[in-house]
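Notes follow in the order I looked things up.

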Amino acid sequence: MPHHLATATRHINVNSTHQPVKFCNNVISTCKYSVFSFLPRFLIEQFLRYNNIFFLCIAALQQIPDVSPTGRYTTLFPFCIILLISALKEIFEDLKRRTSDKKVNNFPTQILDKGEWKDALWKDVKVGEILWVENDHLFPADLLLISSSEQQGMAYIETSNLDGETNLKIKQSLPTTSHLTSLDSIGPFTAYIECEHPNRHVNEFSGNLHIEGQEPKHFGIDQLLLRGARLKNTEWICGVVIYTGHDAKILLNSKVAPLKQSNVDIMTNRRILFLFFVLVSLAIVSAIGAELYNRSYIPEAWYISWILADGAGFLWNVLTFFILYNNLIPISLQVTLELVRFFQASFINNDLGMYHADSDSCAVARTSNLNEELGQVKFVMSDKTGTLTQNIMKWKRCSVGGVSYGDSESDQFADMRLVDDYKKTPDSAHGNAIRELLTMMAACHTIVPEHKEGELLYQGSSPDEGALVRGAAAMGVVFHTRQPQRVVLNMLGKDESIEVLDVIDFTSDRKRMSVVVRSEDGKIKLYTKGADTVIFDRVGEASKATMNTLKEHLEEYASFGYRTLCFAMKEIPQDRYAKWSADFKQATLKIDERQKAIDACAEEIESDLDLVGATAIEDKLQEFVPETIQALMAADIRVWMLTGDKRETAINIAHSCALCTHHTELMIVDKHTYDETYDKLMRFADRAKQYEVEGREFAMVIDGKSLVHALTGEARVHFGELAMRCKSVVCCRMSPMQKAEVVEMVRGLADHVVLAVGDGANDVAMIQAAHVGVGISGEEGLQAASASDYAIAQFHFLRRLLLLHGAWNFDRSVKVILYSFYKNITLYIIELWFAIFSAWSGQTIFERWTIGMFNIMFTALPPIALGLFDRPVDEAQMLRFPALYCSFQKRAFSLAQFCMWIGMAILHSLMLFFLTYAILEEGVVWAHGRDGGWLMLGNCCYSFVVATVCLKALLECDSWTWPVIVSCLGSIGAWLVVLIAYSWVFPLGRFTIGADMAGMAWIMMTSLAGFWLPLIFVPLTTLLWDLVIKSFFTITHPTPREMAVLYQKRHATGGFERLTRYGTIYSSGVLDLFRGRTRISTDDEFPPGSEPIPIEALTRGRRSSSSMQLAEEARHGFAFSQEEHGPISQHDMVRNADSTQPKPSGR
Amino acid sequence: RSFHPAQMAEEEETGAHIPIRRRKPKNKPKDTAWRQQRLPAFRPVLNAQCAFPLTLVLGIACSIIGVFMYLSALNSLEFSLKYTNCTDKRTNSSEAKGDDVPTSFIKCTFDVELKEHFKSPVKFYYGLDGFYQNTRLYMASRSEKQFTGDILNKDGCSPLVNGTDGIPYAPCGIIADSMFNDTFSLTTADKEPVPFTASNILSSYVQDRKFKNPEQKSGETLCDAFKGTTKPPSWQKEICMLGVGEERESVGIGFENIDLIVWMRTAALPKFRKIYRNLDIEHDDGKYLAGLPAGNYTLTIDYNYPTAAWRGDKYFYITAEAWAGGRNFPLAIAYMVVGVFLLLVSAIFLLMCLRIRFLERKRVEAQMQ
């Protein structure tokens, strides 16, 4: 990058305590509040919600004298309690965030201080300081690489946290500093750095290093070690801190965590808005009623005609009724939901089924307001590396000379037949092939061996090569020394030196890598390894025979999802080599079209090869990944894989994790221009329709470049259409921002809930863009986990998180919401019926404080109990039948459900009021003939309402556990106790509180006919309708959940057969849902809830038994990760490495 | 010091998946039923087998309650008389028909024929229809504190707080002002008065706590204690004179007057009845111990309370109630209807249940063959 930034640059004094300006410190904070900002921010947030504004208005309106029918403080008081509970919850959650920040800020590191390495914490790191970072540690800040333990100041770093690429990247320090490898030299080192201001470009950086007495040196991204990356295969590095804390590129790249609102919240707000309009219209209707009375009756009635003189205008009446009916909008809904979600979240946190013993971590719900969102997920967007795969490569199989060695069961290749076969007949063609294969595995690569404490370690940027070298070593072909011109192998106990003559780099276009070597016996050999298609094209006639068996083997390996690599070789005559070598040298020196010249040259020599064999490497999946993905897909969730990796690798993993099967048609979009992409998408969209008709499985594969086009303009529509049809989609070569774009695109397509799951910092954008972000909190960095809404230790916990917690929580939260609407409408609409009998005066039928306390005392617990302890369908069943998940979604928070509940609420309120009216019409319900008056009616009605509403909670509850029963019956009891206590309050000092209630309990409770008998029978009669309707539907149209429960209940006696018949008699459709999409085994064994069903064998069996006809290259497992176009070419890498040189200690 | 990846790989080569526990699992959630959501649960599923017995039991229960209430209603006796138009039969013809506020004393008599013997306890009620004692501002217009003896406390009495001369009303507020003030007396065919009593009309709790006359210093009369207040505009008597002359009926005087207290307990609905007096069974040597015998009586009403303007009606009731209070047929019928309905529903569920069994058996047979 040119020096055009000179006007606005950051100046840093290296190794100095004085900096020209004050830079931000290295403390990061994800907290929402500080001590001072808490109150204003909290209040602003609270009053951004409709219903809080609403209740604030009501509380204000109640202060106007003579308008409120319920006194001044009956809304204000419960409202304050509710705000207080919300505040406590917010404080608690923010404290949790603070602790997790603290953990990151307190990671240890080492800082150069007065010529000594001092232990320090991340938060102490300051700009300009020199840090010491050891192998396998994360960089605490953006660092300029000064020197390292490796030659020429090289350092391998793993950036999967940042960009998701699995291979290691090589960084190299400037030559002027790379010698600073000892404390003596680093200690006094001073310099002056000029570089860009912090920005979010991860792939661009530029600056100048000024060392006294030297020319300024330019440095760039190759010298920058980013926070969030991890040092690998390098003992230590020294670096100067450039950007700290929130200036670091990774933090600049992470957006401010957006406040996510769940769909249920949005729906609830809409419903509340609807109720608000109902409320306004009721107020107006009532005010009209009042107006009629004001005109006809009241002027004549001498005892109340003075009301008119006071000027009770129409608008005042509207206000009065508005306040009277205000509780139609449930005041406690928000706080009930918050509490429920909070504890639901703690159920998630405490779930043993999501506890990962190895890492001693359990699931963490970092935000609790998305719990129910987990139950509505339609799309899962998953990262690959670290999420689906462990990023550990294992050599599993190989095929030599028509024989396939190894098996898929053992952890890694351990088939000693390979060596035995060689030892038996070392000179036969077969023996020779084995020997060559092992030699190639051990010699044809860019790995550098390292002896450390008597152990041999292999370091290199390609994990595939590492796996092969390690595999060869396990077979007795140990690569132990690399020198610039040669490698030394221990060939089954005998050292063998191989001279490396030329290295032809691996590129993704060439899909192969070649090495020209001279073996000990003086023969010049070309070793080539690469993708099968590429190798097969260059194989000579002699090997055609073995090729077919090899193809079969490759097919088998691919069916297991292994990454395969073909090996070929040929001997080159001395003279031919001499000629070619000269050409090649010339080509490498070319300036124009260098790569093209090299390719041409390589093509010339890489022909007429002898096929040696092939290897298969397993990119180890995380535990139970295929099972989890199958379960998710069975729950009608679309699973997308978004990865920064290559297409081949991606497709490979897609196969091995059951994202697509052998029968899946892959639709690959890999065009580079807009028009091509557009055409392709159009064609695929048509084809998808056709496949749908034919009932074939299909999946789309798209790479980052095409995606740019696919997301622009017209193409977006087609892409969206296609994406919606595909069961699974693989997106490869994605940048972090593209991942987020894809997520946003899918979000925008329809009202579907998108969940993103990832483990690295490269997934942060995607996690934040999705409706629900899930972070894998493995051993990797904490970025993804700390940006996520839910953090889990393993991918397969997703199944439990969604299918169990998600579905349950969704069902529960919807119940809580609907129930809250229901109970409020049931109680408060009674005011409307009473208004008919109270001359539309706005008089309440109930005592004012009992109205206020309804939501925060007498019916506060049942919804919470419903939200926490209801288990719609048992755990085992939920996990066993993923189809239940989508049936839960359908039942959802639909308009029909809402109307049903509201209808029930109105019906109940009518019955409750008019039954009470019928009982107390005469007002005399005692043998002693007293009358109870206004509150006898009000309190009786209230008691019946409380009883009805609490019993309704029981009726709606699918599993009666003791907390549910206690909270429902206890609430009724609580009301009776409070009633008695309240009746004793008056007179209390100066207050007139409870004057109306004085003695009411005694009056009511002495009436058997007016209170006790109706207390049992009014609620029962009211709820009969629910009971009858519910039974009727359970009998005639059982929902999947009811069938699941019945199934479980009958399992001991009749088993599933009976249920099936049951279902076919009455509703075959529902059962199809059961049978069609899920695997139902009729065996009597239930898998334990937390154990995923082992279906791996099943899918593999199916795949391996299938035909061999597939020719499409993408299906083959070829994948090879090797850094291209890095600061050091593979050729230079091989040429410069010298494992015999001792490494500097840096101390 | 650091943990090398190659070492890790090595370990995996040798020790496969066995993880190295570096520390005790301190984050492991506790395995309790509560935390793991495994509380024992009962799952009600309303299938035919369950719904049938449920509806059957409830249906029977409702029917039984209905029948009981019906019988109870039959057992309670009630004589009611609408006397709104008593002015038609007035003994004193000084007033025009359809009066509003009578300016002078009106007395009217009615013949009351009790066809059955009214068993003790016998109660007398007055009733009003179309009187909205439950309107919001009307109900609010009272001072609870004043009734507890703090006579100058007028909180909440608006709009009737002070008289024209600024003297506060006692009792203040609209409710008290609109107090019902017709009086009733019943005489037998022999012109002997039927003894009334106000005792046992109210629970002592309410009486003691909510309604207290102001404290009288020694030698003071009640009227002295109420000094500084004036009677509500519609009243004919001062508050301290309320109940004077009815001591025999233990009606209470001033704020403790039973009629005032009963009136102050506002009714819930526009048609209401309020207790007036009980039959005094101890009086007259236990002549009425068994209740009010069947026969002819004469009801004499001192007609003071105007209702004609708002088309209200006034009633007088004599009742002998059963355990469930007054004659309430509609409720009893409602219970019976619900009960019968439930029995029908349970029969339907039974049929459904049988049908399922039948189809199942047929299927099994078909399979057997």
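Predicted model: local features only at pLDDT ≥ 70, side-chain atom pairs only at ≥ 80, totals over all residues.

**Interface, chains A and B**

I asked how many residues each chain brings to the contact. Chain A gives 131 residues and chain B gives 108.

Next I looked up the area. About 10,500 Å² is buried between chain B and chain A. Carbon and sulfur atoms carry 60% of it. On the chain B side I checked which residues lose the most area to chain A: they are B:Gln37, B:Arg43 and B:Arg136. Together they make up 9% of what that side buries.

Then I turned to charges. How many salt bridges does the rule find across the interface of chain B and chain A? I found 1. B:Arg43 forms a salt bridge with A:Asp874. Their closest N and O atoms are 2.8 Å apart.

Between chain B and chain A, 22 residue pairs are in polar contact, both residues at pLDDT 80 or more. I then listed elements of chain B that each supply at least two residues to the side touching chain A; among them are α1 (5-15), α2 (48-75), β4 (122-129) and β7 (272-279). Which element gives the most to that side? It is α9(B), with 13 residues. I have α9 at 329-368 of chain B.

**A sheet in chain B**

I moved on to an open sheet of 3 strands in chain B. The order is β2-β9-β5, and the pairing is antiparallel. β2 (106-114) and β5 (183-188) are the edge strands, each pairing on one side only. Neighbouring strands are turned by 25 degrees against each other on average, direction ignored.

I followed one pairing further. β2(B) and β9 (residues 295-303) of chain B are joined by 9 bridges. Within this pairing I looked up B:Asp111: opposite it stands B:Thr298 in β9(B).

**A loop in chain A**

Last, I checked A:His201. Where does A:His201 lie? I placed it in the loop between β8 (191-196) and β9 (206-210) of chain A. Its relative accessibility is 44%, so A:His201 counts as partly exposed. The cut-offs for that class are 20% and 50%.

I also looked up A:Leu252, 51 residues from A:His201 along the chain. The C-alpha atoms of A:His201 and A:Leu252 are separated by 8.9 Å.

Terms used
Residues numbered from 1 in each chain as written. Chains lettered and ligands numbered in written order. Heavy atoms only, no water. Helix = DSSP H or I, 4+ residues; strand = E, 2+ residues; numbered from the N terminus. Buried < 20%, exposed > 50% of the residue type's maximum accessible area, 1.4 Å probe, protein only. Pairing = 2+ DSSP bridges. Axes fitted to C-alpha atoms, helices over the stretch in contact; angles between N-to-C directions. Contact = heavy atoms within 4.5 Å. Buried area = accessible area lost by both parts, 1.4 Å probe. Salt bridge = Lys/Arg side-chain N within 4 Å of Asp/Glu carboxyl O. Polar contact = N/O pair within 3.5 Å; in protein donor to acceptor, adjacent residues only side chain to side chain.
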